[in-house]
Amino acid sequence: MSPPHDFDRIRKDDNTKWFHPWETMAEAGHADRTIVSRGDGIYIYDEHGQKLIDGPGGMWCVQIGYNRREMAEAIANQVLRLPYMNPFSLTSEPPVQLAARLTELAPGDLKHVFITTGGSTAVETALRFVHFYNNIKDRPGKKHIISRANAYHGSTYLCAMVTGKDRDKNWFDVASPLVHLLPHVNPARRPAGMSIEAFCDEKVKDLEAKILELGPERVGAFIAEPIQASGGVIVPPQGYLRRCWEVCRKYDVIFIADEVVTAFGRLGHWFASKDVFGIEPDMIICAKGLSSGYVPLGACLVSDRLFGEVAGANSRGASFGHGFTYSGHPVCCAAALKSIEIIERERILEHVREVGRISSAD
Ligand SMILES: Cc1ncc(COP(=O)(O)O)c(C=O)c1O
């Protein structure tokens with residue numbers, strides 16, 4: 001039997017020693033967070049053994065639920081076989097298999113997968129790739145990134161710049177002249193009397209007008225969550241995303257779909273871009289549900305078109321000088337492969353589509 005937990009001690013150390021994400025500084029030292037001691041299926045249990053439904057699935061990431069023995073075994077087996085591999089000069093099976101699997105599941109020609117440590121590092125990878133790509137293509141001015149109010153794209157520096165939530169930026173420096181935020185796309189906050197269709201027209205125009213104001217030759221990318229998640233679960237008007245994608249294609253602007261939340265079943269499909277919104281982005285970002293939150297992992301999928309334009313004979317001798325010690329981590333990739341297998345075997349995507357239909361009809 002394991003020794004009894006000293007929850008008073010854990011709470012005290014949590015209050016005083018663990019500097020949490022989004023720490024409310026006024027409460028630092030006495031935040032008294034609930035201590036979660038275990039999870040099982042859709043439930044988590046607090047330190048008193050009280051059973052709670054984990055509605056959001058952690059932070060929208062525990063797609064397959066808690067206490068999955070086969071996840072533990074896949075992770076443990078990979079730890080014993082090969083816990084780490086240098087991704088710069090070597091390779092190993094799990095990241096290769098995962099990259100191949102993701103290219104099968106992804107829409108369009110997203111055939112190249114950069115594996116990262118989470119969502120922010122995947123978004124950062126995409127944004128840096130846009131700059132790298134345009135440098136190689138000898139378009140040094142085509143660097144501006146357009147994002148939107150209420151967007152959340154992560155907490156590394158550049159990701160935080162394209163994040164459009166004031167609360168996440170107040171008290172920090174905001175130093176990127178290359179980032180532009182469009183007004184919000186929340187239909188619930190459209191002007192009184194305006195139809196959804198007119199609101200949609202206006203929002204698409206916001207994007208086109210910003211591209212024209214900056215000059216298409218200066219705009220590298222537009223980044224968007226198909227549904228803005230932490231900005232308030234904002235579902236854009238019907239047709240908005242597709243029309244924005246068409247605008248991007250018209251002006252040769254890279255369309256980055258940040259599917260950190262919407263992929264891996266959250267909307268009933270592996271990826272929402274094509275199956276829900278009818279678009280084939282130039283890049284897709286995923287994380288969270290990719291590994292069901294059991295281990296940290298993210299990925300940036302790049303289209304064959306973009307990749308080919310800066311690879312091989314087109315590369316001008318460049319190397320993509322970007323990556324992480326834990327890029328393609330074998331243990332995390334083995335966990336993701338197992339999670340994908342479980343989602344598929346248990347028909348979780350189908351289940352989400354069925355349940356979503358019922359709840360949206362109510
Ligand atoms: C849409 C979106 N992009 C990026 C991120 C950042 O991911 P991470 O927290 O894994 O760095 C998040 C996190 O919530 C997110 O919701």
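**Exercise 1: a serine in a loop**

S291 counts as buried, because its relative accessibility is 1% (buried means under 20% relative accessible area, exposed over 50%, partly exposed in between, with a 1.4 Å probe and protein chains only). Before going on, note that this is a predicted model, in which local features need pLDDT of at least 70, side-chain atom pairs count only at pLDDT 80 or more, and totals for chains, interfaces and linings use all residues. Residues are numbered from 1 along each chain as its sequence is written, and side-chain values use heavy atoms, with hydrogens and water left out.

Task: locate S291 and list what it touches, not counting residues up to four places away in sequence.

Solution. 
- Step 1: Find the loop between β9 (283-286) and β10 (298-303), where S291 lies. Helices (H or I, at least four residues) and strands (E, at least two) are DSSP runs, numbered from the N terminus.
- Step 2: Search for contacts, meaning heavy atoms within 4.5 Å. With residues up to four places away in sequence not counted, S291 touches M71, L297, A336 and S339.

**Exercise 2: salt bridges**

Task: find the partners of E309 and E208 in salt bridges, and say where each pair sits.

Solution. 
- Step 1: Apply the criterion: a side-chain nitrogen of Lys or Arg within 4 Å of a carboxyl oxygen of Asp or Glu. The structure holds 27 such salt bridges.
- Step 2: E309 pairs with K137, and the closest N and O atoms are 2.5 Å apart. Because E309 lies in helix α11 (residues 304-309) and K137 in the loop between α5 (119-136) and β5 (144-148), the pair ties together parts that are 172 residues apart in sequence. E309 is partly exposed at 22%, and K137 is partly exposed at 30%.
- Step 3: E208 pairs with K250, with 2.9 Å between the closest N and O atoms. This pair links distant parts of the chain, since E208 is in helix α8 (residues 196-214) and K250 in helix α9 (residues 240-250), 42 residues apart. K250 is exposed, at 58% relative accessibility.
- Step 4: Look for a network, and you will find R68, E70, K338, E341, R345 and E346 linked by salt bridges.

**Exercise 3: the nonpolar cores**

Task: which residues have the most contacts inside the largest nonpolar core?

Solution. 
- Step 1: Collect buried Ala, Val, Leu, Ile, Met, Phe, Trp, Tyr and Cys residues joined through side-chain atoms within 4.5 Å.
- Step 2: The largest core has 58 residues, and F222, F271 and L301 have the most contacts inside it. Helix α12 (residues 330-345) gives the most to this core, with 8 residues.
- Step 3: Inspect L301. Leaving aside neighbours within four places in sequence, its contacts include L102, F271 and I284.
- Step 4: Apart from this core lies another, of 28 residues, among them M161, V260, M283 and C300.

**Exercise 4: cysteines**

Task: how many disulfides does the structure hold?

Solution. 
- Step 1: Look for pairs of cysteine sulfur atoms within 2.5 Å. The structure holds 0 disulfides.
- Step 2: For C61, the nearest cysteine sulfur is that of C332, 13 Å away. C61 is buried, at 14% relative accessibility.
- Step 3: For C332, the closest cysteine sulfur is in C333 at 6.7 Å, too far for a bond. C332 is buried as well, with a relative accessible area of 10%.
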